[in-house]
Amino acid sequence: MTTVAAGPRLDLREITTTAETSHTNEDALLSPMVFLHGFDSSVLEFRRLIPKLHDMGLNAMAIDLIGWGFAEDNASSMAEIGPDQKRENLYQFWKKYIKEPMVLSGASLGGAVAIDFALEHPEAVKGLVLIDAQAYIDGVQKPPDFIMDLGLDVLRSEPLRQIANVASYCNKDKFATKDALKIGRLHTFMPNWKDYNKKWMQGGGYALSSRISQLSVPTMVMWGDNDNILGTDPANKFASDIASAELVWVPSCGHVPHLEQADFTSEKLRKFNEKLNEA
């Protein structure tokens, strides 16, 4: 099943009924907001942002798509968990629980998921938000199985996770903590984590660089001005390639504005939502 996190508390649970994801906008004129995390992460990536959006009266939720985070779908029978499977999973989630055009936000590789979905299902997307998104590097390698095993063992290790933890932030002393490391590793102890990551690599990954300019939905590009993971050049490229794009620089921020500058990010997201719904 897909997992969802929603305010006012950041609750992690499997979706089994519509009631579990029903949250009423205090401002009914604004669109529901759905957030997609990056590669090898989880809904906990939005643990600071979702409560702030909920306090603003917004219907906001983060989800783990099939094969990622804490989602324990029936993916064990699938030969691969690639873009097609993730797109269909998100579409079925939207069709069953959202049922209206949404503001779809993707962080890092979640940005590629969001772009792919907006290209294939523009009727479901009111607006698109790309948060330090990765979509210009096409595809993933498909190494032999034993190489994938070794690589994934390293990926789960504390030393490598801590390197990524430190690189993700501008204010490393405040945010690159032991708690952040533990939260970032938590989903890697799910029973199918390694198997599902292998199936992701076997799925070939996203190849979107030549299609980004085809996006037709209103788009906000949010980018940390000190992103040491992707750098800052992709932000300008998104702004140039997407005709409707608005570029927002997040000050004193690394690769994860939703964690490092949650107040600033939530305000910009609300304003973007309001702009989309102006009469």
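I looked up Tyr169 and noted that the residue counts as buried, at 4% relative accessibility; buried means under 20% relative accessible area, exposed over 50% and partly exposed in between, with a 1.4 Å probe and protein chains only. I record that this is a predicted model, in which local features need pLDDT of at least 70, side-chain atom pairs count only at pLDDT 80 or more, and totals for chains, interfaces and linings use all residues. Residues are numbered from 1 along each chain as its sequence is written, and side-chain values use heavy atoms, with hydrogens and water left out.

I then searched the whole structure for aromatic pairs and found nine. Rings of Phe, Tyr and Trp (its six-membered ring) pair if their centres lie within 6.5 Å; planes under 30 degrees apart count as stacked, over 60 as edge-to-face and the rest as tilted.

I noted Phe35 and Phe46 as a tilted pair, with 5.4 Å centre to centre and 45° between the planes. Phe35 lies in strand β3 (residues 33-36) and Phe46 in the loop between β3 and α1 (49-55), so this pair ties together parts 11 residues apart in sequence. Helices (H or I, at least four residues) and strands (E, at least two) are DSSP runs, numbered from the N terminus. I found Phe35 buried at 0% relative accessibility and Phe46 buried at 1%.

I returned to Tyr169, whose ring centre is 5.5 Å from that of Phe175; the planes are at 20°, so the pair is stacked. Phe175 is buried as well, with a relative accessible area of 10%.
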